[in-house]
Amino acid sequence: MIRSEEARRRTVAVLQILGIAAAYYASGRVGLLRQVSVEGSVVSPLWPPTGIAVASLLYLGLRVWPGIALGALLTVISISGGLTLSGLGIATGSTLAPLCSYLALRAVGFRSELDRLRDGVALVFLGALGGMLLSATCGTGVLMLTGDLPVSKFWSVWSAWWAGDAMGVLMVTPLLLALRRARMPRLSDPWVEAAALAVVTVGVTVVATRSTLSMIYLLFPVIIWAALRFQLAGSAPCALLMSVMAIVAGTDGVGPFADHSVLEVMLNLCVLNGCVALTALLLAAIVAEHNNIRYETELACDELAALVEELAPLQTRKDRAAELRNGHGSA
């Protein structure tokens, strides 16, 4: 019985590792559909594997890191056409960065429910912006040391690499964390408003990212609506959809991204996606925290009311007994 249970646990662990590796590789292929070349190096404005890696660690812990390493290695091999020393270094950096993000988040008491403002801030600055410094530095450093990247081009490639990895965490990780709490829909759910939000998100994003009138700020009222009404479950998908559609427009060179260089497009996409992700994540966390405080306050009031009702009959009996004693004394 003990051996059977141990074998089952090992089988589950192996399947989890292989599943994470497959998800990492598949999402990497999706991210490369809109790849850009910065100074001869292939980068992506949004690199989903980093978001999947961080979410996997938050779900399952450190024991699944081999899946991240295997997925990163397979992705690098598919890009370079074989296993090279630089590719091994890049895969190492891509594995260490999510691990550092996870350890930093655990150190500050991060909760995957993202129902506190501090959790949203931690994911942004420790999980995404801070942790992905390692992958960008390792990747560009290895390319520079092997002679594939001139020293003069280091910072331009580094910034594009870092932005893509950070956006992957900001956009993909919150969505996967929200899916963890997904439930079967109910008839009482606000279906009409949710459908309206989806339609408006698509329509506004198309106008904002493809119009030449610089209407990109139209995205923010929509993301605020999603965060206020649906919290992370609404703001995370909207933010990811906006980011993907903006990346498509940017790589196509249309709308507000027309007549810009690759570096300028990458910079604009980084700023836009970062602002959208920050708005979606932090506002949803604030609303969730406020709702939790209200719920706890209402629960405390209900408990207090129940306690008062429980004590009221006892106090009434004591008052009647005191009145009887006072009446007998007067007599």
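User: Which residue just after H2 takes a positive phi?
Analyst: Gly 61, with a phi of about 90°. Keep in mind that this is a predicted model.

User: OK, what's the confidence for the chain?
Analyst: The protein chain averages a pLDDT of 86. Of the residues, 91% score at least 70.

User: Which elements have the lowest and highest mean pLDDT?
Analyst: Strand S1, residues 36–38, is lowest at 76. H2 is highest at 94.

User: Back to H2, then. Is it buried or exposed?
Analyst: Buried, for 11 of its 13 residues, so H2 is largely enclosed by the rest of the structure. The buried residues run Pro 48, Pro 49, Thr 50, Gly 51, Ile 52, Ala 53, Val 54, Ala 55, Ser 56, Leu 57 and Leu 58.

User: How far apart are the end C-alpha atoms of H2?
Analyst: They are 18 Å apart. At 1.5 Å a residue, the 13 residues of H2 (48–60) should span 18 Å, so the two agree.

User: Switching topic. How many salt bridges does the structure hold?
Analyst: It holds 5. One of them pairs Asp 252 with Arg 34, with the closest N and O atoms 2.7 Å apart.

User: Where do Asp 252 and Arg 34 lie?
Analyst: Asp 252 is in helix H9 (219–252), and Arg 34 is in the loop between helix H1 (2–31) and S1. The pair therefore ties together parts 218 residues apart in sequence. Asp 252 is partly exposed, at 40% relative accessibility. Arg 34 is partly exposed too, at 30%.

User: What about Arg 210 and Asp 252?
Analyst: Their side chains meet in a salt bridge, 3.4 Å from N to O. Arg 210 lies in helix H8 (191–210) and Asp 252 in H9, so this pair links parts 42 residues apart in sequence. Shared partners join Arg 34, Arg 210 and Asp 252 into one network.

User: And Arg 116 with Asp 119: buried or exposed?
Analyst: Both are buried. Their side chains form a salt bridge at 2.8 Å, N to O.

User: Now the second largest pocket. How much space lies in it?
Analyst: About 530 Å³. It is lined by 25 residues. Val 42, Val 76, Ile 79, Ile 90 and Trp 161 lie nearest its centre.

User: Which element gives the most to that lining?
Analyst: H3, with 5 residues. The elements giving two or more residues include strand S2 (41–43), helix H4 (85–107) and helix H7 (154–180).

User: How do the lining residues divide: nonpolar, polar, charged?
Analyst: The lining has 12 nonpolar, 11 polar and 2 charged residues.

Methods
Residues numbered from 1 in each chain as written. Predicted model: local features only at pLDDT ≥ 70, side-chain atom pairs only at ≥ 80, totals over all residues. Heavy atoms only, no water. 1 Å grid on protein atoms, 1.4 Å probe; cavity = no way out; pocket = protein on both sides within 12 Å on 5 of 7 lines; lining within 4 Å. Points joined across faces, edges and corners; volume = space filled by probe spheres on them. Helix = DSSP H or I, 4+ residues; strand = E, 2+ residues; numbered from the N terminus. Nonpolar A, V, L, I, M, F, W, Y, C, P; charged D, E, K, R; others polar. Expected span 1.5 Å × (residues − 1). Buried < 20%, exposed > 50% of the residue type's maximum accessible area, 1.4 Å probe, protein only. pLDDT = per-residue confidence, 0-100. Salt bridge = Lys/Arg side-chain N within 4 Å of Asp/Glu carboxyl O.
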